[in-house]
Amino acid sequence: MVDEARDVSIKEQMAMVLRYVNDKGQIIERFVGVQHVTDTTSSALKKAIDEFFSSANLSFSKVRGQGYDGASNMIGEFNGLKTKILREQPCAFYVHCFTHQLQLALLAVAKKNIDVNSFFTTANSLVNVVGASCNRRDALRAQYQEELVRAFEYDCLITGRGLNQETTLKHAGDTRWNSHYGTLISIISMFPSVVNVLQMIVDDNPIDSSGEAYKLWREIQSFEFVFHLFLIKAMLGITNTLSLALQKKDQDIVSAMSLVKTCKENLQFMRDNEFEELVEQASLFCYKHDVTIPTMDEEYVILERSRRNAPMMGNLQN
């Protein structure tokens, strides 16, 4: 398994992992090293792999599989790395990493739906603004601790292993789409603290960064944002389970396909049967945190879009 990336010195590095069966029939996976490559063409990567195999006294005749991401230099039908290795060893069947395929599917869905895309833009901006300095992070922790003490005093603190620990808003990784799941969980758990910190930024920085903070302060205190927060959290919760299962070292192709099928069924079940439950969860959250809940029978107002040809629909339908 091979992947390439740039390091902090802006040099292309190729990472290689070998997966093999030992004498006891156990599947072993070993990270074998990182090698600098002058470029990321399939020819350059193939040359680097050849050099590694030669130095490690390994033979392509024993290779039975290869796995990369979906980049054209890797899986190109005529000149991709996959094809070059198959020409040398026809038994080295190519498998596109299932977890990477899942990330690509989630990314495609998020980019295609303008509301979901807008939600993630807001969520990422929220994490960046609140975590922009040590002072803001300290203020967030202090606010969160105050919320925990207040909840304890009113005997409404949910306790359990791993809960109520000192935390902050989690940054989502660019290449790991399901890392957004942790970001959404942290926003939900620290919502009142985040609102207070944004208000502090507006009050303490009337010129510097108050505009963006005030915009976020208004946006996150809307029913639309809260509903998307719970909707996408539920979806990523299902796909996160699949993603973690696909990354297990002992995962086999038959079990993986079964897990994919179960994930699709769970998503379809949520779409068909759990919409009202999501609305209820979002409404209870809004009621708890003083966020205005729209009347569902009223006409939905489409902001910044032409309404001339738009179909009439209520808030609940939208």
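I take helices as DSSP runs of H or I with at least four residues and strands as E runs of at least two, both numbered from the N terminus, and the expected span of a helix as 1.5 Å times one less than its number of residues.

Entry 1, the ground rules. I am working on a predicted model, in which local features need pLDDT of at least 70 and side-chain atom pairs count only at pLDDT 80 or more, while totals for chains, interfaces and linings use all residues. Residues are numbered from 1 along each chain as its sequence is written, and side-chain values use heavy atoms, with hydrogens and water left out.

I pair rings of Phe, Tyr and Trp (its six-membered ring) if their centres lie within 6.5 Å, calling planes under 30 degrees apart stacked, over 60 edge-to-face and the rest tilted. I find 10 aromatic pairs in this way. Phe227 and Phe275 are edge-to-face, because their ring centres are 5.8 Å apart and their planes stand at 70 degrees. This pair links distant parts of the chain, with Phe227 in helix 10 and Phe275 in helix 12 (residues 275-288), 48 residues apart. Phe227 is buried at 14% relative accessible area, whereas Phe275 at 33% counts as partly exposed. Phe230 and Phe285 are edge-to-face as well, with centres 5.2 Å apart and planes at 65 degrees; they lie in helix 10 and helix 12, so this pair ties together parts 55 residues apart in sequence. I note that both Phe230 and Phe285 are buried.

Taking two strands as paired if DSSP finds at least two bridges between them, I see an open sheet of three strands in the order 1-2-3 with antiparallel pairing. Strand 1 (2-6) and strand 3 (27-36) stand at the edges with a single partner strand each, so one side of each is left without a neighbour in the sheet. Five bridges join strand 1 to strand 2 (residues 12-21), and Asp3 stands opposite Ala15 in strand 2.

With a disulfide taken as a pair of cysteine sulfur atoms within 2.5 Å, I count zero disulfides.

Methods:
Buried < 20%, exposed > 50% of the residue type's maximum accessible area, 1.4 Å probe, protein only.
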